[in-house]
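Trainee: I've got a new one open and would like a walk through the strands, turns and rings. Where do we start?

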Amino acid sequence: MDVAKKQLNTIKVIHTRLTETIKRHKNDLANNYNQEIERLKKEQESLKAQIEVELTKLQKGKIQIGTDIESGVKSSVVDVGKDHISIEKTVSKENTEVKKEFSKTEKKQKKNNPAPAKSTITTPVDFGRLDLRVGKILSASKHPNADALYVETIDVGEDKPRNVVSGLVKFVPLESMSDRMVVVLCNLKPSKIRSILSEAMVMCASSPENVEILEPPSGSVPGDIVTVNGYSRSPDKVLKVFEEIAVDLKTDEKSQATYKGIPWTVSDKGVVVAASLKNVQIK
């Protein structure tokens, strides 16, 4: 009985070692499958070449090759090819499994590290969005297609003066339009008014009964910037929010142009004013 038990234990140990050896060979095969395939391919080509050489020698020596021998040789070549195909299938399967695992890991990483959220920072809708500048009306004339409109040419400090259409005929005589300083909103979208292109807007204090053109401080020149203390100037290229900002554009008790009660100013020169209108909208 003791002998039998010892033999059984010996068999178990051998079996365990054999199993570990097989596992190790499988892992080696999976880890080095590219090298193994190349080695087998080269070995197969070498065997084929050797067989061809021997067949050539036999033919030259006019030695008759029996059917069994020839069949055996061909069978050996086929067996080598089959082994190569079997190895390739095994490696392909292992490669597929590796790809699956990689894909799972990649998905987990994306889930744990989501893409950064898009910025939600927006520019405040306030006076800083307006491109207000001092301008000088170089010339003015009646609109050819509208009795209530003037067409002005205004210098705003650029290479060329701008063409502006204004509805001021009822409130400002034509002779008072030319050669005067004004405040101009320069970043409205240019548009045609009764077939004439208008590229800006002359700013005015307005009540139901009267309209007055705003007056820049003495010493202002075309192109001077109009600002309001406390609001950083960052004008839109094309202003689309004027109506929202215009609600807070008014004259105060001193006829000063203001935004939320703070005067419009031209740096080092003074405050923008209306001639007489107080506590009215500016537009």
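Mentor: With the labels: helices (H or I, at least four residues) and strands (E, at least two) are DSSP runs, numbered from the N terminus. Two strands pair if DSSP finds at least two bridges between them.

Trainee: And the ground rules?

Mentor: It's a predicted model, with local features needing pLDDT of at least 70 and side-chain atom pairs 80 or more, while totals for chains, interfaces and linings use all residues. Residues count from 1 along each chain as its sequence is written, and side-chain values use heavy atoms, without hydrogens or water.

Trainee: OK, what's the strand order in the open sheet of five strands?

Mentor: It goes E3-E2-E1-E4-E7, with antiparallel pairing. E3 and E7 are the edge strands, each with a single partner, so one side of each has no neighbour in the sheet.

Trainee: How many bridges hold E2 and E3 together?

Mentor: Five, with E2 covering residues 150-155 and the pairing antiparallel. For a landmark, find Thr 153, which sits opposite Asn 163 in E3.

Trainee: Switching topic: which strand pairs with E10?

Mentor: That's E13 (residues 262-266), which is antiparallel to E10 (residues 226-228) over three bridges. Val 226 has Val 266 of E13 as its bridge partner. E13 is also joined to E12 (residues 257-259) by two bridges, again antiparallel, and there Tyr 259 faces Ile 262.

Trainee: What does the E12 and E13 turn look like?

Mentor: The two strands make a hairpin with two residues between them. Lys 260 sits in that loop, and its phi is positive, about 50°, although Lys 260 is not a glycine.

Trainee: Remind me, why would anyone flag that?

Mentor: Because most residues other than glycine have a negative phi.

Trainee: Which residue takes a positive phi in the hairpin of E13 and E14?

Mentor: Asp 268, near 65°, with three residues between the strands. E14 (residues 270-271) runs antiparallel to E13, joined by two bridges, and Gly 270 in E14 stands opposite Val 266.

Trainee: What about the phi of Arg 194?

Mentor: It's positive too, near 50°. Arg 194 lies in the loop between E5 (191-193) and E6 (196-198).

Trainee: On to the rings. How many aromatic pairs turn up in the whole structure?

Mentor: Three. Rings of Phe, Tyr and Trp (its six-membered ring) pair if their centres lie within 6.5 Å; planes under 30 degrees apart count as stacked, over 60 as edge-to-face and the rest as tilted. Phe 127 and Tyr 259 have ring centres 5.6 Å apart and planes at 45°, so that pair is tilted. Phe 127 is in the loop between H3 (67-112) and E1 (132-142) and Tyr 259 is in E12, so the pair ties together parts 132 residues apart in sequence.

Trainee: Which residues make up the whole cluster?

Mentor: Phe 127, Tyr 231, Tyr 259 and Trp 264, linked by ring pairs.
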